[in-house]
Amino acid sequence: MARVVLGPLPDGSLGLRTSAVGADAFSGLDDGFSITFDSRWTDITKIHAVGIAGFAFIAMPENSQSPTNPAWRVRCSFPDLGFKPFAEVRRVDGGNIVHDDWIDPNNPGGSYSLIYQSNTYTGGYSSNQGWQVLFAIYPVPVPSG
Amino acid sequence: MARIVLGARANGDKGLFVSPSGVDAMTAADSALLLSATSKVSQLILMGRVTVFPATVPLGLSRSPLVFMVSEFNFASVIGHTLGPGPIRPSPPFAATGSSTCTINENGASMTLQSPSNLPATFQVYSQAFT
């Protein structure tokens, strides 16, 4: 099993393909997990992390104003990139219904998220217990102080 | 010092790595590289706009993809605004009666978009899956 193929690809074209651990770079299906790079792709965005996180009554240790004060919020955690990255956080219901920016009727115009180097925090309410968000982290630095 | 590494780097990652002048591609941090072809990447596979709801869009995938949806709003009635309708964030706009949603059917076979306010919406579907 090859993790890197440089040369003829399954369709006969020449290119470069790399695969995730456990997948073959030559024959692996482009299913969103197995192939990490394919030179035939035309539009590519790097994604640092993707996940689903749930609302909880938690502290926000990165915030010096309230480092230990718990509140209802959802924390999306990802490996530290060394900078604050661009992030998308969207409410997801039942694992397959993705909302636009809307999360809660208390914030009909959209909820805000704080972005740190390895976490984002989106504020919420006790009524959000059991709710989840889908998040994607892009390795693009957000200008910040 | 290597400017190009094809294969395994010092940290065990495998792929194609290119570093700028003066930086060793074998040992540099990912953030210092010009190209890292082992990073998790995703392709924008579908982008579109819907105006009639519900709208079902075939995808033909076997896993639920990353989907982002943005509602539009017509600012024509806002004094000084001359650009007409367009995407708005945060979305939905303040005048909407509820959230627009995208339901991914059968692990990516298709998706159904809904907008309770019947606001036009744009969507982006990436090859990266989350299930």
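Reader: What radius of gyration does chain A have, and what would a compact globule of 145 residues have?
Author: Chain A has 19 Å, while a compact globule of 145 residues would have a value near 15 Å. The radius is taken over C-alpha atoms, and the globule rule is 2.2 Å times the number of residues to the power 0.38.

Reader: Before we go on, what am I looking at, and which numbering applies?
Author: This is a predicted model: local features need pLDDT of at least 70, side-chain atom pairs count only at pLDDT 80 or more, and totals for chains, interfaces and linings use all residues. Residues are numbered from 1 along each chain as its sequence is written, and chains are lettered from A and ligands numbered from 1 in the order in which they are written.

Reader: What does chain A average in pLDDT?
Author: The average is 87, and 95% of the residues score at least 70. pLDDT is the predictor's confidence in each residue, from 0 to 100.

Reader: How many helices and strands are in chain A?
Author: 0 helices and 11 strands. Both are DSSP runs numbered from the N terminus: helices are H or I with at least four residues, strands are E with at least two.

Reader: Back to its dimensions. What does the C-alpha trace of chain A span?
Author: About 55 × 35 × 25 Å along the principal axes.

Reader: How much of chain A is buried?
Author: Buried residues make up 30% of its 145 residues. A residue is buried if 20 or more other C-beta atoms lie within 10 Å of its own, exposed if 12 or fewer, and partly exposed in between; the C-beta atoms are placed from the backbone.

Reader: Where are the domains in chain A?
Author: Domain 1 covers 4–38 and domain 2 covers 49–141. Their centres, taken over C-alpha atoms, are 33 Å apart. Domain bounds come from an automatic or database domain assignment.

Reader: And what are the domains of chain B?
Author: Domain 1 is 4–36 and domain 2 is 44–129. In chain B, 38 Å separate the two centres, again over C-alpha atoms.

Reader: In what sense do β8 of chain A and β8(B) pair?
Author: Antiparallel, over 3 bridges, with residues 97–99 forming the chain A strand. Two strands pair if DSSP finds at least two bridges between them. A:Val98 stands opposite B:Cys102 in β8(B).

Reader: New topic. What is the order of the open sheet of 3 strands in chain B?
Author: β1-β2-β3, with antiparallel pairing. β1 and β3 (35–36) of chain B are at the edges, each with a single partner strand, so one side of each has no neighbour in the sheet. β2(B) and β3(B) share 2 bridges. There, B:Phe17 stands opposite B:Ser36 in β3(B).

Reader: Is the peptide bond from B:Phe53 to B:Pro54 cis or trans?
Author: Cis, with omega near -5 degrees. B:Pro54 is in the loop between β4 and β5 (55–58) of chain B. The bond from B:Ser91 to B:Pro92 is also cis, with omega near 10 degrees. B:Pro92 lies in the loop between β7 (85–87) and β8 of chain B.

Reader: Is phi of B:Asn107 positive or negative?
Author: Positive, near 55 degrees, in a residue other than glycine. Most residues other than glycine have a negative phi. B:Asn107 sits in the loop between β8 and β9 (110–114) of chain B.

Reader: Why does B:Asn107 count as partly exposed?
Author: Because B:Asn107 has 15 C-beta neighbours inside 10 Å.

Reader: What about phi of B:Asn118?
Author: Positive too, about 55 degrees, and B:Asn118 is not a glycine. B:Asn118 is in the loop between β9 and β10 of chain B.
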